[in-house]
Amino acid sequence: MSPSDIPPSTKPIKPTKAELAAAADLTIDDVLGPSIEVLFCGINPGLYSAVTGHHFARPGNRFWPALHLSGFTPRLLAPAQQWELPSYGLGITNVVARATAQAAELSPEEFREGGVRLARLVGEVKPRVLAVLGVTAYRTAFAERGAAVGPQERRIGETAVWVLPNPSGLNAHWTLDRIAGQLRELRESLA
């Protein structure tokens, strides 16, 4: 799967350096719907996502290909098609809402506050599963130092919690196939 597999009308834009710089601290809307089975939760929006208004929008991010390869979506969606996710019972949010160039710019306090906000959102949306895409973000937001990728003992109300690998292209330790395999494991657990 490559960028050439994405329809031309949904190919990524190329923001300027000035547009990226201006996107710092912006937020983007959550993708939610009335019947969310799995609420995917990124760490925080990158500048590229803030410019476009689309989650996991930076070219090289493996979220969308992994989502498709895992069987969550019947075809590869582009970030601009994120609003189709609720029709598949899927949603997206972030631990921390503000956009940064790197997650390292976020403070532990922001992560902890994000964990509180996330628990409140899960209480409102009531997904079957909250899937946090980033083990370090999960550990910090929920004070779970020993957490590893996979299902967690923690529940938020009736909602199960999973930790998945961060799909950023910067996370070279995890290949697309391995990320898709973890998402597939989550999907199969829902059956």
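Reader: How many aromatic pairs are there here, and how is a pair of aromatic rings described?

Author: The general idea is that you quote the distance between the centres and the angle between the planes. The rule used here takes rings of Phe, Tyr and Trp (its six-membered ring) and pairs them if their centres lie within 6.5 Å; planes under 30 degrees apart are stacked, over 60 edge-to-face, and the rest tilted. By that rule the count is 5 aromatic pairs. One of them joins Phe 40 and Phe 63, edge-to-face, with 5.5 Å centre to centre and 75° between the planes. This pair links distant parts of the chain, with Phe 40 in strand β1 (residues 38–42) and Phe 63 in helix α3 (residues 63–69), 23 residues apart. Helices (H or I, at least four residues) and strands (E, at least two) are DSSP runs, numbered from the N terminus.

Please keep in mind that this is a predicted model, where local features need pLDDT of at least 70 and side-chain atom pairs count only at pLDDT 80 or more, while totals for chains, interfaces and linings use all residues. Residues are numbered from 1 along each chain as its sequence is written, and side-chain values use heavy atoms, leaving out hydrogens and water.

Reader: Is Phe 40 buried or exposed?

Author: Here buried means under 20% relative accessible area, exposed means over 50%, and partly exposed lies in between (1.4 Å probe, protein chains only). Phe 40 has 0% relative accessibility, so Phe 40 counts as buried. Phe 63 is buried too, at 1%. Phe 40 also pairs with Phe 72, edge-to-face, at 5.5 Å centre to centre and 85° between the planes. Again distant parts of the chain are linked: Phe 40 sits in strand β1 and Phe 72 in the loop between α3 and β2 (90–94), 32 residues apart. Phe 72 counts as buried at 10% relative accessibility. Taken together, ring pairs link Phe 40, Phe 56, Phe 63, Trp 64 and Phe 72 into a cluster.

Reader: Which residue lies over the face of Trp 174?

Author: A charge sits over a ring if NZ of Lys or CZ of Arg is within 6 Å of the ring centre and within 35 degrees of the ring normal. In this model Arg 178 lies over the face of Trp 174, at 4.0 Å from the ring centre.

Reader: Next, salt bridges. What is the count?

Author: Side chains of opposite charge can pair when their charged atoms come close. The cut-off asks for a side-chain nitrogen of Lys or Arg within 4 Å of a carboxyl oxygen of Asp or Glu, and the count comes to 6 salt bridges. Among them is Glu 84 with Arg 75, whose closest N and O atoms are 2.5 Å apart. Glu 84 is partly exposed at 26%, and Arg 75 is partly exposed at 36%.

Another joins Arg 112 and Glu 109, with closest N and O atoms 3.1 Å apart. These two are separated by about one helical turn, because they stand 3 residues apart in helix α4 (residues 108–125).

Arg 154 and Glu 144 form a salt bridge as well, at 3.0 Å between the closest N and O atoms. That pair links distant parts of the chain: Arg 154 is in strand β4 (residues 150–156) and Glu 144 in the loop between α5 (135–142) and β4, 10 residues apart.

Reader: Which residues of α4 are buried?

Author: An α-helix has 3.6 residues a turn, so residues three or four places apart point the same way. In α4, Glu 110, Phe 111, Gly 114, Gly 115, Leu 118, Leu 121, Val 122 and Val 125 are buried. Seen down the axis of α4, the buried residues fall within an arc of 140° and therefore line one face of the helix; the arc is taken from the directions from the helix axis to the C-beta atoms. The face turned away from the buried side of α4 carries the exposed residues Val 116 and Glu 124.

Reader: What covers the buried residues of α4?

Author: Contact means heavy atoms within 4.5 Å. The cover includes β1, β2, β3 (129–133), α5, β4 and β5 (159–164).
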